[in-house]
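Take a look at the protein below. We start with its overall layout and then turn to some backbone details.

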Amino acid sequence: VILLLLFSCHLVGLMASEKEAALAAAPSDSPTIFDKIINKQIPANIVYEDEQVLAFRDIAPQAPTHILIIPKLRDGLIGISTAEERHCEILGRLLYTAKLVAKQEGLKDGFRIVINDGPNGCQSVYHLHIHLLGGRQMNWPPG
Ligand code: TR5
């Protein structure tokens, strides 16, 4: 019984550390889950799409409105820290799309835009994305 208990605790510990492990993962340019969403291989709740940009609801929302805005073509943008001057246009378009989607979502009292970068920034998917969060009072400083 003791052994069983110890094993169960170990499993729970593993589950709890899953997120941290993902966050601590080294940045990588391997395909991500977002490629499958872009290619419609897996479903997503898409709220905006054009030739360059896709916006869809986060699967684990941290606010009543939580939308991810991504470039369809990653083109080396595994995170904001890998941006180069050639990315300026798409970066501007992503921000502008965040504004459009915020309006579409009726976030008239404000919202927050977040880009997590690398392990310290809690980035878990290495395909640049903007988080658009709204529908509740945000706190500052963030955690
Ligand atoms: O942690 P960062 O900043 O990299 O943000 C990645 C975000 O992707 C998290 O907020 C996740 O909740 C979100 N995410 C992860 C998956 C996923 C998703 N949003 C929508 N649909 C998703 N699918 C189908 N699969 C995921 N693994």
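Helices here are DSSP runs of H or I with at least four residues, strands are E runs with at least two, and both are numbered from the N terminus. With those terms, K40 sits in the loop between α2 (33-38) and β1 (46-49). The model is a predicted one.

First, the whole chain. The protein has three helices and five strands. Along the sequence they follow the pattern α-α-β-β-β-α-β-β. Of the 143 residues, 22% are buried. Residues 24 or more positions apart account for 62% of them.

What is the phi of K40? It is near 65 degrees, a positive value in a residue other than glycine.

D75 lies in the loop between β3 (65-71) and α3 (88-104). How many other C-beta atoms lie within 10 Å of D75? There are 13, so D75 is partly exposed.

The last stop is a peptide bond. The bond from W140 to P141 is cis. Its omega is near 5 degrees. Where is P141 placed? P141 is in the segment after β5 (130-134).

Definitions and conventions: Residues numbered from 1 in each chain as written. Predicted model: local features only at pLDDT ≥ 70, side-chain atom pairs only at ≥ 80, totals over all residues. Buried ≥ 20, exposed ≤ 12 C-beta atoms within 10 Å, placed from the backbone. Contact = placed C-beta atoms within 7 Å.
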